[in-house]
Amino acid sequence: MGNGDVDLDVSPQDSGHGQPVQDPPDLPLDFEAFYLGHQEFFHDFAEIHLGSRRAAEDVVHHVFLEILGGWDELLQQGDLEQQTLAVLHRGVTRRLDEDGRPPAFLINGPIAKNLEAVRSQLEMSSSTNGLYEAILELPTRQFTVIVLRHLLGYPTKRIARYMGLDTRTVDYHGRKGKERLRIRLGLPAAPSKTRKGAGQ
């Protein structure tokens with residue numbers, strides 16, 4: 001028996017038979033496709049907020065169970081990507097509230113470096129005072145684009161696929177999020193690009 005066998009959901013008495021303790025449920029094919037296409041992103045998103053893969057896996061497991069429980073209703077409502085992102089966001093927020101702590105990206109060193117990159121892209125001053133809180137206060141789509149683009153480093157096309165949006169819409173939410181952060185933090189507006197070429 002190898003070390004990898006320890007994590008299997010098989011009782012020691014059944015290990016010779018290779019039968020799982022519980023048969024997997026029959027899942028709708030469209031839900032399976034959704035799971036396969038989104039589970040990596042859901043885990044990354046949860047991990048960057050919760051600070052550990054184990055906590056992220058636990059939360060995402062419950063998030064997918066919640067999505068599965070309301071799958072038919074979610075399909076009828078339309079805007080599946082946005083609806084499921086809201087479920088993920090609620091699940092992560094609920095876990096943070098239960099733990100009584102802020103998101104991990106407020107306290108993790110590597111992610112703090114990514115926030116430095118966000119600061120420079122927003123042409124911020126040397127002070128990050130209020131940046132983290134301002135990011136948390138963004139509307140859902142702006143928050144998601146800012147986190148995916150600047151904290152997780154996802155390219156626009158990947159963000160668009162995960163959010164079910166056109167790449168131009170992702171860019172729009174990114175610009176609006178940056179602008180909202182700039183105003184919230186009382187930073188000066190960036191120089192207009194149109195004026196640069198006007199004098200040439």
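**Overall.** I began with burial: 34% of the 200 residues in the protein are buried, where buried means under 20% relative accessible area, exposed over 50%, and partly exposed in between (1.4 Å probe, protein chains only). The model is predicted, so I note that local features need pLDDT of at least 70 and side-chain atom pairs count only at pLDDT 80 or more, while totals for chains, interfaces and linings use all residues. Residues are numbered from 1 along each chain as its sequence is written, and side-chain values use heavy atoms, with hydrogens and water left out.

I counted ten helices and zero strands; these are DSSP runs numbered from the N terminus (helices H or I, at least four residues; strands E, at least two). The accessible surface comes to about 12,400 Å², and 49% of this belongs to carbon and sulfur atoms. Areas are from the Shrake-Rupley method with a 1.4 Å probe; for residues, only the protein chains shown count as cover. I also looked at contacts (heavy atoms within 4.5 Å): of those with a separation of 6 or more, 65% are between residues 24 or more positions apart.

**Core.** The largest nonpolar core has 40 residues, and Phe-41, Phe-42, Phe-45, Ile-67, Leu-88 and Val-92 touch the most other members. Such a core is a set of buried Ala, Val, Leu, Ile, Met, Phe, Trp, Tyr and Cys residues joined through side-chain atoms within 4.5 Å. H1 gives the most to this core, with eight residues. I checked Ile-67: leaving out residues up to four places away in sequence, Ile-67 touches Phe-31, Phe-34, Phe-42, Leu-74, Thr-84 and Val-87.

**Helix H4.** H4 has 20 residues and reaches 29 Å from first C-alpha to last, close to the expected 28 Å; the expected span is 1.5 Å times one less than the number of residues. Its buried residues include Glu-81, Gln-82, Thr-84 and Leu-85. The buried residues of H4 pack against helices H1 (29–50), H2 (53–69), H3 (71–77), H7 (140–151) and H8 (156–163). After H4 comes Gly-100, with a positive phi near 65°.

**Gln-82.** Is Gln-82 buried or exposed? I found a relative accessible area of 16%, so Gln-82 is buried. Gln-82 lies in H4 (residues 80–99). Beyond residues up to four places away in sequence, Gln-82 touches Thr-140, Arg-141 and Met-163. The side chains of Gln-82 and Arg-141 are joined by a polar contact of 2.9 Å. A polar contact is a pair of N or O atoms within 3.5 Å; within protein, one must be able to donate a hydrogen and the other to accept it, and residues adjacent in sequence count only if both atoms are side-chain atoms.
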